[in-house]
Protein chains: 2
Amino acid sequence: MNDSLRQAAEFLMSHDNYDILTHAYPDGDTLGSGYALCRVLRGLGKKARVIKTNLPKDFVFLAEGLEEQSFETQTVVSVDVADEKLLGSNKEKYLGRIDLCIDHHEISRVEAPVKCVDACASSNCEILFELFSEMGIRLDVDTAAALYTGISTDTGCFKYSNTTSKTLRIAAELLDLGVDSPAINKVMFDTKSKKKIMLEREAYGSLVYCAGGRCAIIAVTLETKRRLDVNDDELEGLASIPRQIEGVEIGITIREKEPDVFKISVRANERLVNAAQFCARFGGGGHAAASGCMIKGSLEEVTAKLRAAAEELL
Amino acid sequence: MNDSLRQAAEFLMSHDNYDILTHAYPDGDTLGSGYALCRVLRGLGKKARVIKTNLPKDFVFLAEGLEEQSFETQTVVSVDVADEKLLGSNKEKYLGRIDLCIDHHEISRVEAPVKCVDACASSNCEILFELFSEMGIRLDVDTAAALYTGISTDTGCFKYSNTTSKTLRIAAELLDLGVDSPAINKVMFDTKSKKKIMLEREAYGSLVYCAGGRCAIIAVTLETKRRLDVNDDELEGLASIPRQIEGVEIGITIREKEPDVFKISVRANERLVNAAQFCARFGGGGHAAASGCMIKGSLEEVTAKLRAAAEELL
């Protein structure tokens with residue numbers, strides 16, 4: 001890792017006019033990385049901007065005080081982007097043009113002359129913290145807050161197994177730089193919109209168990225989405241509900257994307273069941289702990305197929 | 001703090017036959033402290049046991065491998081006990097008999113010849129970590145896990161404002177000792193019983209807003225408790241639901257304790273509203289962020305009183 005940090009540090013010091021690419025499912029880590037890097041580069045007197053598909057309101061604070069800059073792009077850096085496909089609407093413009101890829105995904109598919117990838121890092125922001133240290137940068141509080149946001153959101157506030165002692169020590173250094181961590185965490189973890197509350201109530205209402213309580217299934221239909229006026233973004237996070245239930249080894253969330261087309265998210269206690277294997281039965285895939293697939297049919301048919309698969313597997 | 005740590009360390013090294021008192025609302029910090037101290041004292045060849053009112057099943061792992069010891073009590077230490085009243089059914093036996101009080105509450109009322117109190121510590125377990133360092137103890141993984149449990153639960157997994165950079169660095173050291181933090185955090189933060197899920201669904205169903213959405217109220221009646229077969233312990237945690245809703249400055253949870261007698265829990269965004277002031281109107285009190293009171297009447301009457309008070313205050 002040290003070599004690739006050094007190489008990335010030298011690259012960043014010796015280039016200018018940066019477009020920083022974030023992925024199209026904008027989360028705290030890709031946006032935190034993008035804005036932290038943008039601030040550091042500007043602090044070095046360089047031109048830089050963050051390229052994004054959108055900036056959800058909870059993350060607007062990351063961009064505060066950064067004015068628009070107009071310049072001709074000379075250098076393209078991707079942060080937390082595991083695959084160029086994930087650039088969304090920016091894909092075509094930047095395909096094959098990435099000069100430096102900074103990433104923490106196990107399978108990091110972006111092709112770039114310089115790659116700085118560490119799959120052991122909790123988050124992309126953790127890598128950036130080390131990279132900035134390598135560059136000898138003194139972080140200001142806004143950059144520190146952006147890095148903290150990425151680390152905290154990607155680790156579930158230090159709850160998940162990607163949290164290492166190094167992660168915690170980096171977070172400690174960021175707090176020492178003045179980051180208002182309780183304020184950030186309140187927004188990231190302890191705030192739900194009124195619509196989200198309505199949605200969770202509906203999801204709870206749809207909850208069914210099977211396989212003797214070892215599988216739990218919730219469903220959100222197009223009708224519910226229309227009635228509550230929620231979009232797909234607002235459905236994120238629902239998938240954690242069935243998985244949290246005591247005794248549940250496999251938690252399934254069914255979301256109707258188009259009439260009779262359902263997106264299935266599966267979360268499993270990976271020490272007991274493999275979610276990727278489960279989803280492979282339906283042509284999907286992913287990780288042992290979190291996978292997905294698409295199934296067509298009526299909600300009843302889809303639910304019945306999932307129940308049958310769960311009963312068989314468990 | 002250093003003097004009182006040194007004094008407490010000398011005390012612990014020079015006594016024996018310990019009863020370690022925990023408070024009667026058994027949480028991760030008091031139980032984590034109790035079992036960590038018990039393990040350390042036994043590791044020094046001393047006799048020690050944890051005195052508790054009960055050991056909820058999520059915390060049973062803290063006591064694993066610790067066999068019963070029979071001995072005549074010579075020394076009494078309280079951990080995380082802010083007031084002797086909080087000893088519950090053990091109060092009478094130990095009143096006035098505490099030799100050493102280790103605590104992190106701002107108002108720490110236990111009278112003892114030796115007090116080791118640090119209100120700046122995130123948790124009592126944070127103080128114990130420092131105390132054990134002062135004593136030159138090499139922590140085993142079970143003791144480290146007990147300390148981690150206390151720190152993690154009292155800080156909401158490092159989310160709350162009591163989390164300092166020191167807290168995070170201590171947690172890092174505990175991880176380096178081999179603590180399985182994801183497993184502990186899964187139980188403490190990401191597991192809900194099936195009953196709890198039913199209860200939350202009911203609570204969501206009862207949700208009403210007032211004061212233009214700045215106040216949210218949920219209610220659980222005796223009828224609901226009977227129907228779902230839940231006890232008061234299982235109602236803990238509900239109070240965080242209304243407070244989490246976006247735009248809500250004051251979140252109120254109404255729980256029927258006896259027919260027409262309601263326990264009210266108020267959680268406020270203390271930068272905007274004072275929960276203690278709110279509860280004082282009904283003869284209750286507490287902190288600016290979290291307070292409580294009792295109100296008699298029908299659910300409709302009680303709700304109407306609370307709504308009126310919220311409308312007036314906001």
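Q: Let's start with rings. How many aromatic pairs does the structure hold over all chains?
A: A pair of aromatic rings is described by the distance of the centres and the angle of the planes. Counting over all chains, there are six such pairs in this predicted model.

Q: Take A:Tyr204 and B:Tyr204: how far apart are the ring centres, and at what angle are the planes?
A: The centres are 5.5 Å apart and the planes stand at 20°, so the A:Tyr204 and B:Tyr204 pair is stacked. Planes under 30 degrees apart count as stacked. This pair crosses between chains: A:Tyr204 belongs to helix 8 (residues 194–206) of chain A, and B:Tyr204 to helix 8 (residues 194–206) of chain B.

Q: And are A:Tyr204 and B:Tyr204 buried or exposed?
A: Both A:Tyr204 and B:Tyr204 are buried.

Q: Which residues do ring pairs link into a cluster?
A: Have a look at A:Tyr148, A:Phe158, B:Tyr148 and B:Phe158, which ring pairs join into a cluster.

Q: How is chain A divided into domains?
A: Domain 1 of chain A covers 2–189 and domain 2 covers 194–313. Taken over C-alpha atoms, the centres of these two domains of chain A are separated by 31 Å.

Q: Which residues touch the most other members of the largest nonpolar core?
A: In soluble globular proteins, nonpolar side chains tend to be buried together. Here the largest nonpolar core has 102 residues, and those touching the most other members are A:Leu12, A:Leu174, B:Leu12, B:Leu37, B:Ile102 and B:Leu174. Residues up to four places away in sequence aside, A:Leu12 touches several partners, including A:Tyr18, A:Leu37, A:Val77 and A:Met135. Another core, of 30 residues, lies apart from the largest one, and among its members are A:Leu228, A:Leu238, B:Ile218 and B:Ile245.

Q: What is A:Leu199 in contact with, leaving aside its neighbours within four places in sequence?
A: Its contacts are A:Val220, A:Leu228, A:Val230, A:Glu234, A:Leu235 and A:Leu238. A:Leu199 lies in helix 8 of chain A, and A:Leu199 is buried, with a relative accessible area of 0%.

Q: Last topic, the backbone. What is phi of B:Cys157?
A: Most residues other than glycine have a negative phi, and most peptide bonds are trans. Phi of B:Cys157 is near 55°, a positive value in a residue that is not glycine. You will find B:Cys157 in the loop between helix 5 (141–154) and helix 6 (165–176) of chain B.

Q: Where is B:Asp229 found?
A: B:Asp229 is in the loop between helix 9 (222–228) and helix 10 (232–235) of chain B. B:Asp229 has a positive phi of about 55° although it is not a glycine.

Q: Which of these is buried or exposed: B:Cys157, B:Asp229?
A: B:Cys157 counts as buried, at 2% relative accessibility, whereas B:Asp229 is exposed, with a relative accessible area of 52%.

Definitions and conventions:
Residues are numbered from 1 along each chain as its sequence is written. Chains are lettered from A and ligands numbered from 1 in the order in which they are written. This is a predicted model: local features need pLDDT of at least 70, side-chain atom pairs count only at pLDDT 80 or more; totals for chains, interfaces and linings use all residues. Side-chain values use heavy atoms; hydrogens and water are left out. Rings of Phe, Tyr and Trp (its six-membered ring) pair if their centres lie within 6.5 Å; planes under 30 degrees apart count as stacked, over 60 as edge-to-face and the rest as tilted. Helices (H or I, at least four residues) and strands (E, at least two) are DSSP runs, numbered from the N terminus. Buried means under 20% relative accessible area, exposed over 50%, partly exposed in between (1.4 Å probe, protein chains only). Domain bounds come from an automatic or database domain assignment. A nonpolar core is a set of buried Ala, Val, Leu, Ile, Met, Phe, Trp, Tyr and Cys residues joined through side-chain atoms within 4.5 Å. Contact means heavy atoms within 4.5 Å.
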